[in-house]
Amino acid sequence: MPDIVIVGAGAAGLAVARRLQSLGVSFVVLEARSRIGGRAFTDTRTLGAPVDLGGHWLHSPALNPLTPLAERYGIRVDRSPGPTRLAIDGRLLSGAELEVADAGIADGFARIAAARDDGAVSELVREGGLFEAAFLAKQGVPPAGCSSIDFARYVWEGDDWPVLDGLGALVARHARSVLVELDTPVTRIAWHSRERVAVETPRGTVEARAVIVTVPTGVLAGDDLRFDPPLPGWKRQAVADLPMGSCNKLSLGLAGNPFGDIAGPVLMADSGRSVEFLLREDGRDVVTMMVNGPFAKDLAAAGAPAMIDYAVGRLSALFGSGIRSALTGRHVLADWDHDPWAVGCYAVARPGAAAARGALARPVEERLFFAGEAVHDRYMGDVHGAYLSGEAAADDAARAIFGRNAAHRS
Ligand SMILES: Cc1cc2nc3c(=O)[nH]c(=O)nc-3n(C[C@H](O)[C@H](O)[C@H](O)COP(=O)(O)OP(=O)(O)OC[C@H]3O[C@@H](n4cnc5c(N)ncnc54)[C@H](O)[C@@H]3O)c2cc1C
(Lines give C-alpha, C1' and ligand atoms only; values in the text may rest on other atoms or scores of the structure.)
Protein backbone atom coordinates (compact mmCIF):
# COMPACT_ATOMS: atom_id res chain seq x y z
CA MET A 1 0.00 0.00 0.00
CA PRO A 2 1.47 3.41 -0.93
CA ASP A 3 1.51 6.10 1.73
CA ILE A 4 -0.31 8.63 -0.44
CA VAL A 5 -2.49 8.70 -3.56
CA ILE A 6 -2.19 11.86 -5.65
CA VAL A 7 -5.27 12.63 -7.77
CA GLY A 8 -4.31 14.59 -10.90
CA ALA A 9 -0.98 15.11 -12.70
CA GLY A 10 -1.09 18.84 -13.42
CA ALA A 11 1.46 21.31 -12.05
CA ALA A 12 0.17 20.78 -8.49
CA GLY A 13 0.01 16.97 -8.57
CA LEU A 14 3.44 16.68 -10.17
CA ALA A 15 4.91 19.06 -7.56
CA VAL A 16 3.39 16.87 -4.83
CA ALA A 17 5.05 13.85 -6.41
CA ARG A 18 8.47 15.49 -6.68
CA ARG A 19 8.28 16.63 -3.07
CA LEU A 20 7.23 13.21 -1.80
CA GLN A 21 10.09 11.66 -3.78
CA SER A 22 12.53 13.93 -1.98
CA LEU A 23 10.94 13.09 1.40
CA GLY A 24 11.10 9.35 0.70
CA VAL A 25 7.33 8.97 0.99
CA SER A 26 5.70 6.39 -1.31
CA PHE A 27 2.86 7.44 -3.60
CA VAL A 28 0.78 6.64 -6.68
CA VAL A 29 -0.36 9.35 -9.13
CA LEU A 30 -3.72 8.79 -10.86
CA GLU A 31 -4.48 10.96 -13.89
CA ALA A 32 -7.71 10.97 -15.91
CA ARG A 33 -6.17 12.13 -19.20
CA SER A 34 -3.85 10.28 -21.54
CA ARG A 35 -1.14 12.84 -20.78
CA ILE A 36 0.31 14.77 -17.86
CA GLY A 37 0.29 18.56 -17.36
CA GLY A 38 -3.42 19.31 -17.02
CA ARG A 39 -3.89 22.99 -17.85
CA ALA A 40 -0.16 23.35 -18.52
CA PHE A 41 0.41 21.45 -21.76
CA THR A 42 2.45 22.23 -24.88
CA ASP A 43 1.44 20.88 -28.30
CA THR A 44 4.65 20.62 -30.33
CA ARG A 45 3.30 18.69 -33.30
CA THR A 46 0.26 20.24 -34.94
CA LEU A 47 1.73 23.57 -36.09
CA GLY A 48 5.39 22.57 -36.19
CA ALA A 49 6.11 24.91 -33.25
CA PRO A 50 5.37 24.78 -29.52
CA VAL A 51 1.83 25.94 -28.71
CA ASP A 52 0.65 26.15 -25.10
CA LEU A 53 -2.98 25.08 -24.74
CA GLY A 54 -3.18 26.59 -21.26
CA GLY A 55 -0.59 28.55 -19.26
CA HIS A 56 2.18 30.22 -21.27
CA TRP A 57 3.60 33.12 -19.21
CA LEU A 58 5.76 33.08 -16.09
CA HIS A 59 3.97 35.73 -14.06
CA SER A 60 6.01 37.61 -11.45
CA PRO A 61 9.17 35.95 -12.83
CA ALA A 62 11.49 37.13 -10.05
CA LEU A 63 9.28 35.38 -7.47
CA ASN A 64 8.29 32.46 -9.66
CA PRO A 65 9.88 29.10 -8.66
CA LEU A 66 9.62 27.94 -12.28
CA THR A 67 11.95 30.69 -13.56
CA PRO A 68 15.11 28.96 -12.27
CA LEU A 69 13.78 25.60 -13.47
CA ALA A 70 13.51 26.93 -17.04
CA GLU A 71 17.13 27.98 -16.79
CA ARG A 72 18.16 24.61 -15.37
CA TYR A 73 16.54 22.69 -18.22
CA GLY A 74 17.55 25.11 -21.01
CA ILE A 75 13.92 25.93 -21.79
CA ARG A 76 13.81 29.30 -23.55
CA VAL A 77 12.04 32.24 -21.93
CA ASP A 78 11.67 35.75 -23.36
CA ARG A 79 13.03 37.89 -20.52
CA SER A 80 12.36 41.25 -22.15
CA PRO A 81 9.03 40.96 -23.93
CA GLY A 82 7.68 44.07 -25.62
CA PRO A 83 4.58 45.87 -24.32
CA THR A 84 1.07 44.61 -24.96
CA ARG A 85 -0.58 46.64 -27.71
CA LEU A 86 -4.13 47.80 -27.03
CA ALA A 87 -7.08 47.94 -29.42
CA ILE A 88 -10.75 48.84 -29.30
CA ASP A 89 -13.30 47.39 -31.71
CA GLY A 90 -10.82 46.43 -34.44
CA ARG A 91 -8.59 49.52 -34.18
CA LEU A 92 -5.09 49.65 -32.64
CA LEU A 93 -4.60 52.59 -30.26
CA SER A 94 -1.63 54.88 -30.53
CA GLY A 95 -0.13 58.02 -29.00
CA ALA A 96 -2.26 59.90 -26.47
CA GLU A 97 -5.13 57.40 -26.75
CA LEU A 98 -2.80 54.62 -25.70
CA GLU A 99 -1.52 56.58 -22.72
CA VAL A 100 -5.05 57.26 -21.50
CA ALA A 101 -6.02 53.60 -21.90
CA ASP A 102 -2.89 52.36 -20.09
CA ALA A 103 -3.55 54.79 -17.24
CA GLY A 104 -7.20 53.66 -17.01
CA ILE A 105 -6.18 50.02 -16.72
CA ALA A 106 -3.53 50.80 -14.08
CA ASP A 107 -6.03 52.91 -12.13
CA GLY A 108 -8.60 50.08 -12.12
CA PHE A 109 -6.10 47.56 -10.75
CA ALA A 110 -4.86 50.09 -8.16
CA ARG A 111 -8.43 50.58 -6.90
CA ILE A 112 -8.83 46.85 -6.39
CA ALA A 113 -5.45 46.63 -4.64
CA ALA A 114 -6.73 49.18 -2.11
CA ALA A 115 -9.99 47.25 -1.45
CA ARG A 116 -11.09 47.06 2.19
CA ASP A 117 -14.54 45.43 1.84
CA ASP A 118 -15.10 42.06 0.27
CA GLY A 119 -17.69 43.19 -2.25
CA ALA A 120 -17.62 42.68 -5.99
CA VAL A 121 -14.78 44.23 -8.00
CA SER A 122 -17.50 46.00 -10.05
CA GLU A 123 -18.21 48.20 -6.99
CA LEU A 124 -14.71 49.68 -7.27
CA VAL A 125 -14.13 50.17 -10.98
CA ARG A 126 -15.89 51.49 -14.01
CA GLU A 127 -17.04 48.49 -16.02
CA GLY A 128 -16.59 48.11 -19.76
CA GLY A 129 -13.77 49.24 -22.05
CA LEU A 130 -10.18 48.16 -21.88
CA PHE A 131 -10.05 47.82 -18.10
CA GLU A 132 -12.78 45.19 -18.22
CA ALA A 133 -11.07 43.48 -21.17
CA ALA A 134 -7.84 43.33 -19.12
CA PHE A 135 -9.70 42.10 -16.04
CA LEU A 136 -11.49 39.38 -18.01
CA ALA A 137 -8.14 38.35 -19.46
CA LYS A 138 -6.76 37.96 -15.95
CA GLN A 139 -9.75 36.36 -14.22
CA GLY A 140 -12.04 34.86 -16.86
CA VAL A 141 -15.09 36.36 -15.13
CA PRO A 142 -16.51 39.92 -15.24
CA PRO A 143 -15.78 42.29 -12.30
CA ALA A 144 -19.27 41.65 -10.90
CA GLY A 145 -18.37 37.99 -10.35
CA CYS A 146 -15.15 38.44 -8.38
CA SER A 147 -14.25 39.13 -4.73
CA SER A 148 -12.29 42.38 -4.34
CA ILE A 149 -10.26 41.17 -1.38
CA ASP A 150 -9.34 37.91 -3.07
CA PHE A 151 -8.14 39.74 -6.17
CA ALA A 152 -6.28 42.30 -4.04
CA ARG A 153 -4.31 39.43 -2.45
CA TYR A 154 -3.05 38.23 -5.82
CA VAL A 155 0.67 38.98 -6.16
CA TRP A 156 1.60 40.19 -9.62
CA GLU A 157 5.02 41.80 -9.59
CA GLY A 158 7.33 42.78 -12.37
CA ASP A 159 6.72 41.31 -15.76
CA ASP A 160 5.05 38.39 -17.54
CA TRP A 161 7.64 36.31 -19.39
CA PRO A 162 6.45 34.02 -22.19
CA VAL A 163 8.03 30.59 -22.19
CA LEU A 164 9.04 30.28 -25.83
CA ASP A 165 9.52 26.51 -25.69
CA GLY A 166 6.25 26.11 -23.78
CA LEU A 167 5.28 26.39 -20.11
CA GLY A 168 3.64 22.97 -20.44
CA ALA A 169 6.94 21.58 -21.73
CA LEU A 170 8.69 23.01 -18.66
CA VAL A 171 6.20 21.42 -16.24
CA ALA A 172 6.56 18.07 -18.04
CA ARG A 173 10.37 18.28 -18.09
CA HIS A 174 10.55 18.87 -14.35
CA ALA A 175 8.33 15.82 -13.77
CA ARG A 176 10.33 13.43 -15.93
CA SER A 177 11.19 11.25 -12.94
CA VAL A 178 7.54 10.87 -11.87
CA LEU A 179 5.60 7.75 -12.80
CA VAL A 180 1.94 8.52 -13.55
CA GLU A 181 -0.98 6.14 -14.11
CA LEU A 182 -2.64 7.73 -17.16
CA ASP A 183 -6.23 7.16 -18.36
CA THR A 184 -7.19 6.54 -14.75
CA PRO A 185 -10.00 8.88 -13.68
CA VAL A 186 -10.80 8.76 -9.98
CA THR A 187 -14.54 8.27 -9.52
CA ARG A 188 -14.90 7.84 -5.74
CA ILE A 189 -12.81 8.51 -2.65
CA ALA A 190 -13.99 6.51 0.37
CA TRP A 191 -12.63 7.90 3.64
CA HIS A 192 -14.75 6.26 6.36
CA SER A 193 -11.80 4.51 7.91
CA ARG A 194 -9.41 6.49 10.15
CA GLU A 195 -6.49 4.34 8.95
CA ARG A 196 -6.86 4.45 5.20
CA VAL A 197 -8.60 5.92 2.19
CA ALA A 198 -9.81 3.90 -0.81
CA VAL A 199 -9.49 5.66 -4.16
CA GLU A 200 -11.65 4.07 -6.84
CA THR A 201 -11.08 4.19 -10.60
CA PRO A 202 -12.47 2.13 -13.52
CA ARG A 203 -9.10 0.31 -13.46
CA GLY A 204 -9.33 -0.71 -9.81
CA THR A 205 -9.06 0.69 -6.28
CA VAL A 206 -5.89 1.99 -4.64
CA GLU A 207 -5.69 2.19 -0.85
CA ALA A 208 -3.36 4.55 0.96
CA ARG A 209 -2.95 6.36 4.26
CA ALA A 210 -3.95 9.70 2.76
CA VAL A 211 -5.00 11.25 -0.54
CA ILE A 212 -3.97 14.59 -2.03
CA VAL A 213 -6.65 15.87 -4.41
CA THR A 214 -5.40 18.36 -7.02
CA VAL A 215 -8.32 18.47 -9.47
CA PRO A 216 -9.86 21.85 -10.45
CA THR A 217 -12.83 23.16 -8.45
CA GLY A 218 -14.91 22.67 -11.61
CA VAL A 219 -14.37 18.91 -11.21
CA LEU A 220 -14.95 19.00 -7.42
CA ALA A 221 -18.28 20.76 -8.01
CA GLY A 222 -19.48 18.08 -10.45
CA ASP A 223 -20.66 14.49 -10.06
CA ASP A 224 -17.84 12.54 -11.73
CA LEU A 225 -15.71 12.45 -8.60
CA ARG A 226 -17.59 11.58 -5.40
CA PHE A 227 -16.51 11.51 -1.78
CA ASP A 228 -17.94 8.89 0.55
CA PRO A 229 -18.98 10.19 3.04
CA PRO A 230 -19.56 13.51 1.29
CA LEU A 231 -17.13 16.32 2.07
CA PRO A 232 -18.12 18.40 5.12
CA GLY A 233 -20.36 21.41 4.49
CA TRP A 234 -17.57 24.00 4.96
CA LYS A 235 -15.48 22.28 2.28
CA ARG A 236 -18.40 22.03 -0.16
CA GLN A 237 -19.11 25.71 0.45
CA ALA A 238 -15.49 26.56 -0.39
CA VAL A 239 -15.80 24.67 -3.69
CA ALA A 240 -19.07 26.46 -4.50
CA ASP A 241 -17.45 29.83 -3.69
CA LEU A 242 -14.61 29.18 -6.17
CA PRO A 243 -16.28 28.65 -9.56
CA MET A 244 -14.23 28.48 -12.73
CA GLY A 245 -13.78 31.38 -15.14
CA SER A 246 -13.48 31.03 -18.91
CA CYS A 247 -10.51 31.47 -21.24
CA ASN A 248 -10.29 29.48 -24.45
CA LYS A 249 -7.51 29.44 -27.00
CA LEU A 250 -7.10 29.00 -30.72
CA SER A 251 -3.77 28.91 -32.59
CA LEU A 252 -3.75 29.21 -36.38
CA GLY A 253 -0.90 28.17 -38.67
CA LEU A 254 0.32 30.87 -41.08
CA ALA A 255 2.17 30.74 -44.38
CA GLY A 256 3.94 34.10 -44.30
CA ASN A 257 3.50 37.25 -42.30
CA PRO A 258 0.24 39.22 -42.69
CA PHE A 259 1.05 41.56 -39.74
CA GLY A 260 3.97 43.56 -41.15
CA ASP A 261 6.35 44.71 -38.43
CA ILE A 262 3.83 44.18 -35.59
CA ALA A 263 4.42 41.16 -33.37
CA GLY A 264 3.67 40.05 -29.82
CA PRO A 265 0.54 40.47 -27.69
CA VAL A 266 -2.50 42.63 -28.52
CA LEU A 267 -5.40 43.06 -26.05
CA MET A 268 -8.69 44.21 -27.57
CA ALA A 269 -12.01 45.33 -26.10
CA ASP A 270 -14.39 44.14 -28.77
CA SER A 271 -17.96 45.38 -28.18
CA GLY A 272 -17.71 44.45 -24.50
CA ARG A 273 -15.79 41.23 -25.15
CA SER A 274 -12.20 40.54 -24.21
CA VAL A 275 -9.90 39.07 -26.84
CA GLU A 276 -6.12 38.78 -26.96
CA PHE A 277 -3.89 37.91 -29.87
CA LEU A 278 -0.31 36.71 -29.78
CA LEU A 279 1.18 37.54 -33.17
CA ARG A 280 4.06 35.50 -34.53
CA GLU A 281 5.79 34.99 -31.19
CA ASP A 282 9.48 34.24 -31.64
CA GLY A 283 9.05 34.88 -35.39
CA ARG A 284 6.96 31.75 -35.84
CA ASP A 285 4.24 31.34 -38.44
CA VAL A 286 1.53 31.09 -35.79
CA VAL A 287 -1.09 33.48 -34.42
CA THR A 288 -2.87 32.63 -31.18
CA MET A 289 -6.20 34.03 -29.97
CA MET A 290 -7.41 33.94 -26.37
CA VAL A 291 -11.04 34.79 -25.66
CA ASN A 292 -12.02 35.48 -22.08
CA GLY A 293 -15.13 35.45 -19.90
CA PRO A 294 -18.67 34.25 -20.67
CA PHE A 295 -18.26 35.01 -24.38
CA ALA A 296 -15.35 32.53 -24.50
CA LYS A 297 -17.62 29.75 -23.25
CA ASP A 298 -20.35 30.55 -25.79
CA LEU A 299 -17.89 30.85 -28.67
CA ALA A 300 -16.22 27.53 -27.86
CA ALA A 301 -19.64 25.88 -27.59
CA ALA A 302 -20.38 27.07 -31.13
CA GLY A 303 -17.46 24.93 -32.36
CA ALA A 304 -14.14 25.28 -34.17
CA PRO A 305 -15.49 26.89 -37.39
CA ALA A 306 -17.20 29.65 -35.36
CA MET A 307 -14.07 30.25 -33.32
CA ILE A 308 -11.88 30.41 -36.44
CA ASP A 309 -14.39 32.74 -38.10
CA TYR A 310 -14.35 35.10 -35.14
CA ALA A 311 -10.54 35.12 -34.97
CA VAL A 312 -10.14 35.78 -38.68
CA GLY A 313 -12.81 38.50 -38.64
CA ARG A 314 -11.15 40.34 -35.75
CA LEU A 315 -7.65 39.96 -37.20
CA SER A 316 -8.92 41.25 -40.57
CA ALA A 317 -10.39 44.31 -38.83
CA LEU A 318 -7.04 44.98 -37.16
CA PHE A 319 -4.59 44.10 -39.93
CA GLY A 320 -6.51 43.81 -43.20
CA SER A 321 -7.89 40.85 -45.06
CA GLY A 322 -4.41 39.49 -45.96
CA ILE A 323 -4.79 37.17 -42.99
CA ARG A 324 -7.28 35.03 -44.92
CA SER A 325 -4.85 34.08 -47.67
CA ALA A 326 -2.04 33.55 -45.12
CA LEU A 327 -3.83 30.73 -43.26
CA THR A 328 -2.52 27.20 -43.72
CA GLY A 329 -5.78 25.63 -42.55
CA ARG A 330 -4.11 23.99 -39.55
CA HIS A 331 -5.15 24.92 -36.04
CA VAL A 332 -4.94 23.96 -32.35
CA LEU A 333 -8.01 24.64 -30.21
CA ALA A 334 -8.29 24.46 -26.42
CA ASP A 335 -11.85 24.59 -25.08
CA TRP A 336 -11.35 24.37 -21.33
CA ASP A 337 -14.99 25.05 -20.48
CA HIS A 338 -16.20 21.84 -22.10
CA ASP A 339 -13.21 19.77 -20.98
CA PRO A 340 -14.54 17.37 -18.30
CA TRP A 341 -11.21 17.35 -16.42
CA ALA A 342 -10.99 21.15 -16.16
CA VAL A 343 -14.51 22.64 -16.62
CA GLY A 344 -13.07 26.15 -17.04
CA CYS A 345 -9.76 27.98 -16.95
CA TYR A 346 -9.08 28.83 -13.27
CA ALA A 347 -11.04 29.30 -10.04
CA VAL A 348 -12.25 32.76 -9.04
CA ALA A 349 -13.59 33.68 -5.56
CA ARG A 350 -17.15 35.01 -5.61
CA PRO A 351 -17.83 38.43 -4.04
CA GLY A 352 -17.81 38.02 -0.25
CA ALA A 353 -15.92 34.72 -0.43
CA ALA A 354 -12.34 35.85 0.18
CA ALA A 355 -11.98 33.13 2.85
CA ALA A 356 -12.78 30.33 0.40
CA ARG A 357 -9.21 29.53 -0.69
CA GLY A 358 -8.13 29.06 2.93
CA ALA A 359 -11.02 26.65 3.49
CA LEU A 360 -10.28 24.77 0.28
CA ALA A 361 -6.65 24.39 1.37
CA ARG A 362 -7.53 22.98 4.83
CA PRO A 363 -7.19 19.18 5.14
CA VAL A 364 -10.13 17.05 6.24
CA GLU A 365 -9.30 14.84 9.22
CA GLU A 366 -5.63 14.52 8.21
CA ARG A 367 -6.59 12.06 5.44
CA LEU A 368 -7.87 14.31 2.64
CA PHE A 369 -5.48 17.02 1.46
CA PHE A 370 -6.08 19.56 -1.29
CA ALA A 371 -3.75 21.36 -3.69
CA GLY A 372 -4.01 23.21 -7.01
CA GLU A 373 -4.13 26.74 -8.32
CA ALA A 374 -7.46 27.40 -6.53
CA VAL A 375 -5.84 26.76 -3.16
CA HIS A 376 -2.98 29.27 -3.28
CA ASP A 377 -3.73 32.60 -1.63
CA ARG A 378 -1.20 34.81 -3.51
CA TYR A 379 -0.52 33.14 -6.86
CA MET A 380 -4.04 31.82 -7.42
CA GLY A 381 -4.91 30.93 -10.98
CA ASP A 382 -1.26 30.47 -11.93
CA VAL A 383 1.00 27.51 -12.62
CA HIS A 384 3.44 28.59 -9.91
CA GLY A 385 0.58 28.88 -7.40
CA ALA A 386 -0.43 25.31 -8.25
CA TYR A 387 3.17 24.16 -7.97
CA LEU A 388 3.76 25.78 -4.56
CA SER A 389 0.42 24.53 -3.22
CA GLY A 390 1.46 21.01 -4.24
CA GLU A 391 4.73 21.24 -2.31
CA ALA A 392 2.89 22.55 0.76
CA ALA A 393 0.23 19.80 0.63
CA ALA A 394 2.96 17.15 0.29
CA ASP A 395 4.68 18.48 3.42
CA ASP A 396 1.39 18.62 5.34
CA ALA A 397 0.39 15.09 4.36
CA ALA A 398 3.83 13.66 5.13
CA ARG A 399 3.78 15.37 8.52
CA ALA A 400 0.30 14.04 9.25
CA ILE A 401 1.45 10.49 8.48
CA PHE A 402 4.98 10.46 9.88
CA GLY A 403 5.02 13.31 12.38
CA ARG A 404 7.48 16.18 12.58
CA ASN A 405 10.43 14.18 11.21
CA ALA A 406 8.79 13.52 7.85
CA ALA A 407 11.16 15.92 6.16
CA HIS A 408 14.10 13.70 7.19
CA ARG A 409 12.81 10.39 5.88
CA SER A 410 14.88 8.87 3.11
C1 LIG B 1 -6.15 29.25 -21.34
C2 LIG B 1 -5.34 29.32 -20.07
C3 LIG B 1 -4.27 30.21 -19.98
C4 LIG B 1 -3.51 30.27 -18.81
N5 LIG B 1 -2.42 31.10 -18.78
C6 LIG B 1 -1.58 31.03 -17.73
C7 LIG B 1 -0.32 31.67 -17.77
O8 LIG B 1 0.04 32.30 -18.77
N9 LIG B 1 0.49 31.56 -16.68
C10 LIG B 1 0.15 30.85 -15.58
O11 LIG B 1 0.93 30.78 -14.61
N12 LIG B 1 -1.04 30.19 -15.53
C13 LIG B 1 -1.88 30.25 -16.58
N14 LIG B 1 -3.04 29.53 -16.59
C15 LIG B 1 -3.42 28.80 -15.38
C16 LIG B 1 -2.61 27.51 -15.19
O17 LIG B 1 -2.54 26.80 -16.39
C18 LIG B 1 -3.29 26.69 -14.10
O19 LIG B 1 -3.49 27.50 -12.96
C20 LIG B 1 -2.44 25.49 -13.65
O21 LIG B 1 -1.91 24.80 -14.76
C22 LIG B 1 -3.32 24.59 -12.81
O23 LIG B 1 -2.60 23.50 -12.34
P24 LIG B 1 -3.30 22.47 -11.34
O25 LIG B 1 -2.35 21.39 -11.09
O26 LIG B 1 -3.89 23.22 -10.20
O27 LIG B 1 -4.58 21.95 -12.14
P28 LIG B 1 -4.64 21.09 -13.49
O29 LIG B 1 -3.53 21.50 -14.39
O30 LIG B 1 -6.01 21.21 -14.00
O31 LIG B 1 -4.33 19.62 -13.00
C32 LIG B 1 -5.34 18.80 -12.46
C33 LIG B 1 -5.21 17.43 -13.09
O34 LIG B 1 -6.24 16.60 -12.55
C35 LIG B 1 -6.74 15.78 -13.59
N36 LIG B 1 -8.06 15.30 -13.19
C37 LIG B 1 -9.24 15.98 -13.18
N38 LIG B 1 -10.23 15.19 -12.71
C39 LIG B 1 -9.65 14.00 -12.41
C40 LIG B 1 -10.14 12.79 -11.85
N41 LIG B 1 -11.43 12.60 -11.54
N42 LIG B 1 -9.28 11.74 -11.68
C43 LIG B 1 -7.96 11.88 -12.00
N44 LIG B 1 -7.44 13.02 -12.53
C45 LIG B 1 -8.28 14.06 -12.71
C46 LIG B 1 -6.75 16.69 -14.79
O47 LIG B 1 -6.79 15.96 -16.00
C48 LIG B 1 -5.43 17.45 -14.61
O49 LIG B 1 -4.36 16.80 -15.25
C50 LIG B 1 -3.82 29.44 -17.73
C51 LIG B 1 -4.88 28.54 -17.82
C52 LIG B 1 -5.63 28.48 -18.98
C53 LIG B 1 -6.74 27.46 -19.06
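**Entry 1. Terms and model**

I began with a term: a helix axis is a line fitted to C-alpha atoms over the stretch in contact, and the angle runs from 0 to 180 degrees between N-to-C directions. I noted that the model is predicted.

**Entry 2. How H3 and H4 pack**

Two packed helices are described by the angle between their axes and the distance between the axes. I looked up both values for H3 and H4: the angle is about 55 degrees, and the axes are 8 Å apart. I therefore recorded H3 and H4 as oblique to each other. The crossing in which H3 passes H4 is right-handed.

Next I listed the residues that make this contact. From H3 they are Ala-101, Gly-104, Ile-105, Gly-108, Phe-109 and Ile-112, and from H4 they are Leu-130, Phe-131, Ala-134 and Phe-135. Sorted by class, the contact of H3 with H4 has 8 nonpolar and 2 polar residues, with no charged ones.

**Entry 3. The second largest pocket**

I then turned to the second largest pocket, for which I noted a volume of about 320 Å³. Its lining consists of 15 residues. Nearest the centre of this pocket lie Gly-104, Ile-105, Arg-126, Gly-128 and Phe-131.

Which helix gives the most to the lining of the second largest pocket? I found that H3 does, with 7 residues. Helix H3 (95-113) and helix H4 (129-139) each supply at least two residues of this lining. By class, the lining of the second largest pocket has 7 nonpolar, 4 polar and 4 charged residues.

Note on methods
Residues numbered from 1 in each chain as written. Predicted model: local features only at pLDDT ≥ 70, side-chain atom pairs only at ≥ 80, totals over all residues. Heavy atoms only, no water. 1 Å grid on protein atoms, 1.4 Å probe; cavity = no way out; pocket = protein on both sides within 12 Å on 5 of 7 lines; lining within 4 Å. Points joined across faces, edges and corners; volume = space filled by probe spheres on them. Helix = DSSP H or I, 4+ residues; strand = E, 2+ residues; numbered from the N terminus. Nonpolar A, V, L, I, M, F, W, Y, C, P; charged D, E, K, R; others polar. Parallel < 35°, antiparallel > 145°, perpendicular 65-115°, else oblique. Left-handed = near helix turned anticlockwise from the far one by under 90°. Contact = heavy atoms within 4.5 Å.
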